[in-house]
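Reader: I have a model open and want to learn how to read it. Where do we begin?

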Amino acid sequence: MRPMLMPLQEEARGVLEKHASGAFFLRLSQYPRSLWVSDFPLRQDQAALQKSLPALESLGFASALQKATGLLEIDLSLERYRALLSPYPVRLPALPKKDALHPAFSLFRLLWLHPAPLEAQPLEPLRQWLKAAASHSSGMGLGLVPVLHQQCALWLRQGLPLPCAVLPILSAWISAWDLDVDKGGNR
């Protein structure tokens, strides 16, 4: 799942570089409302920023300038999220052999039983899982499971849709980690 975000990040970087006159960073965002963050507005002139934002939007990126920090937050449009996730089928993984993965399997089953259109789903959990996959951190995924499971319980009680878009990432993560265990991995 690691390559999911890398090509998109490089595409966004290419747009910004086209209009940049100096160095800037573009990295995974720690903010829940975006996938990436950049100091482009702090290091480039206003004209470069004004040219870059419509170019990003035309490619299916959504961006917002954070007034408090001056950083540019970059995310994907709903259509771009659909395109990103469409090649990854949602398959129910086998019951994991490793006990530590059983909560993730339980979360998968919960999400599986409550489908919702992407437009209605909260996107923050999807962003979190995409960032975890991009950072290639299995431990990060384990930490996300109980938090998302608890949040899903609250959303269900409130009659709100669940973030089913996480399913292909969660499925691949469970399968990959369980496969690593099968091969004698330390996980």
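**Reading the model**

Author: Start with Arg82. At 29% relative accessibility, Arg82 counts as partly exposed. Buried means under 20% relative accessible area, exposed over 50%, and partly exposed lies in between (1.4 Å probe, protein chains only). This is a predicted model: local features need pLDDT of at least 70, side-chain atom pairs count only at pLDDT 80 or more, and totals for chains, interfaces and linings use all residues. Residues are numbered from 1 along each chain as its sequence is written, and side-chain values use heavy atoms, with hydrogens and water left out.

Reader: How many salt bridges does a search of the whole structure find?

Author: First the rule. A salt bridge is a side-chain nitrogen of Lys or Arg within 4 Å of a carboxyl oxygen of Asp or Glu. The search finds seven. In one of them, Glu119 meets Arg82 at 1.6 Å, N to O. Glu119 lies in the loop between H5 and H6 and Arg82 in helix H4 (residues 78-85), so the pair ties together parts that are 37 residues apart in sequence. Helices (H or I, at least four residues) and strands (E, at least two) are DSSP runs, numbered from the N terminus. Glu79 joins Arg82 and Glu119 in a network of salt bridges.

Reader: Asp39 and Arg43 also meet in a salt bridge. Which of the two is buried, and which is exposed?

Author: Asp39 is buried, because its relative accessibility is 4%. Arg43 is exposed, at 52%. Their N to O distance is 2.4 Å.

Reader: Which residues of H1 are buried?

Author: Leu8, Gln9, Ala12, Arg13, Val15 and Leu16. They cover an arc of only 155° around the axis, which puts them on the same side of H1. The arc is that of the directions from the helix axis to the C-beta atoms. Arg13 also forms a salt bridge with Glu10 (3.8 Å, N to O). The two lie three residues apart in H1, about one turn of the helix.

Reader: How do strands E3 and E4 run, parallel or antiparallel?

Author: Two strands pair if DSSP finds at least two bridges between them. Five bridges join E3 (residues 61-65) to E4 (residues 72-76), and the strands run antiparallel. Ala62 has Asp75 as its bridge partner in E4. E3 and E4 form a hairpin with six residues between them. In the turn, Gly70 has a positive phi of about 80°.
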